[in-house]
Amino acid sequence: MTSVAVVGTGAVGSMALWRLAERGIPAVGFDAYAPGHDRGAAGGESRIFRTAYKEGPEYVPLLREVRDLWSELERAAGRRLFTPVGGVTVGPREHPKIQAVLAAARAHDLPVETLTGKAAQDRAPEHPLREGEVMVADPGAGYLRPEPAVVAAAAAAERKGARIARYTPVTEVRQDATGVTVVTGDGEQRFTHAVLAPGPWARTLLPEAPIVAKAITSTWFPRRDEALFDPERCPIAIRVGEPAYSCFPSVDGTGVKVNLHVPWREIDSPDALTRSVPVAYVEQVARAVAATLPGLGPDPVRVATYADAFTPDGHGLLGRQGRTVLAAAFSGHGFKLAPVFGDIVADLVESGATTRGIGHLAPNRPLRRSP
Ligand SMILES: Cc1cc2nc3c(=O)[nH]c(=O)nc-3n(C[C@H](O)[C@H](O)[C@H](O)COP(=O)(O)OP(=O)(O)OC[C@H]3O[C@@H](n4cnc5c(N)ncnc54)[C@H](O)[C@@H]3O)c2cc1C
């Protein structure tokens, strides 16, 4: 009989555990911490959901499908996890990322609108356009709540019979012809299959994989006007060009999150993550805010750093290798798709294959580890 060890119950592992449990497949999740913790890739209050996807049109069918899974998880949890405020991408009309959003929308017939002037001002007064800029509005976008979502998936899995070994780091996973052995401080356990979803700790279990962990810093700025950045109305925003960042509504009322898009710092392990950042970095974000977000106060009220795992081409690794399913390195944009990745993991465990298009995520595609 199938039995599955899910190593890591963060964004993707918790969803995999939930989807396996929904199918009645016995599974045990292992986590060095506990579902919903904020030391890995799923901390920091909010995550963007978008449908017109500049990272590649091959994600669009997965994005269409995942909305229903988010709704299913909301029903299971009895709370809202996704707020459909829409989204805007702002920047110079000819910028390659603006063009990539439009190309993804065209390829999949998504109802995006290109706005300028008063139409843009009315749609998102928080994000005034500069000379030569356009706003591409994606009505299917919004924001997700990461920590409650992971807690919800883990709880839904446990209600359906999954077990979670909390505060139990896995030190080794070995596979052989008949199954896998999972090694923890409590000893060895046998399963028929393993799912590896270790997020930014991937190097511990997968030292040869072309994966690096990087630190991403979020900053929260105060609102000058309480009518702006309303969490029920203000679209999430991505600004491309110079400066480049993502920006959220004021989710909890105290600050507006701005994630500056700069080359993120490589780290050995999230365990050694320095949470404080140099003052020069704070000044850099403050300059970007002063130049483009007049509705925000000058200095951040909160700064926090998180980690995610990245591949050299910016696409995750999702596929089956023998008795192990690898689901890792979603490269800074995996949260919105975590429920469908979890369901694909369940396909791969159950039948060894999936009907979903995940060729771009094949773990055996040519990838070189960055020097
Ligand atoms: C600051 C920031 C902003 C982001 N913004 C967005 C966004 O707006 N939209 C979006 O879609 N995506 C976004 N992402 C990306 C997204 O959040 C991640 O891709 C996603 O959370 C990755 O999930 P994961 O399960 O791979 O990793 P994690 O959620 O970190 O989970 C990994 C889990 O594995 C456990 N673990 C690791 N090793 C072991 C071990 N050996 N034994 C036991 N347990 C172990 C860890 O404790 C952890 O719980 C962002 C990421 C960051 C960091």
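A backbone N or O atom of alanine 32 lies 3.0 Å from a nitrogen atom of the ligand. Polar contacts are taken as pairs of N or O atoms within 3.5 Å; within protein, one atom must be able to donate a hydrogen and the other to accept it, and residues adjacent in sequence count only if both atoms are side-chain atoms. The model is predicted, so local features need pLDDT of at least 70 and side-chain atom pairs count only at pLDDT 80 or more, while totals for chains, interfaces and linings use all residues. Residues are numbered from 1 along each chain as its sequence is written, and side-chain values use heavy atoms, with hydrogens and water left out.

The elements giving two or more residues to the shell around the ligand are helix H1 (11-22), strand E3 (47-49) and strand E19 (302-310). Helices (H or I, at least four residues) and strands (E, at least two) are DSSP runs, numbered from the N terminus. E19 gives the most, with 3 residues. Around the ligand there are 35 residues, of which Asp31, Ala41, Ile48, Val170 and Lys336 come nearest (a residue is near if one of its heavy atoms lies within 4 Å). By class, the shell has 21 nonpolar, 10 polar and 4 charged residues. Nonpolar means Ala, Val, Leu, Ile, Met, Phe, Trp, Tyr, Cys and Pro; charged means Asp, Glu, Lys and Arg; the others, Gly among them, are polar.

The protein is divided into domain 1 (4-47 + 146-205 + 312-361) and domain 2 (84-142 + 212-310), with bounds from an automatic or database domain assignment. Their centres, taken over C-alpha atoms, are 29 Å apart. In all, 20 residues of domain 1 are in contact with 18 residues of domain 2 (heavy atoms within 4.5 Å). Both domains give residues to the shell around the ligand, so the ligand lies between them.

Two backbone features occur in loops. Glutamate 242 and proline 243 are joined by a cis peptide bond, with omega about -5 degrees. Proline 243 is in the loop between strand E15 (236-239) and strand E16 (245-247). Tyrosine 167 is not a glycine, yet has a positive phi of about 50 degrees. Tyrosine 167 lies between strand E9 (163-165) and strand E10 (170-175), in the loop.
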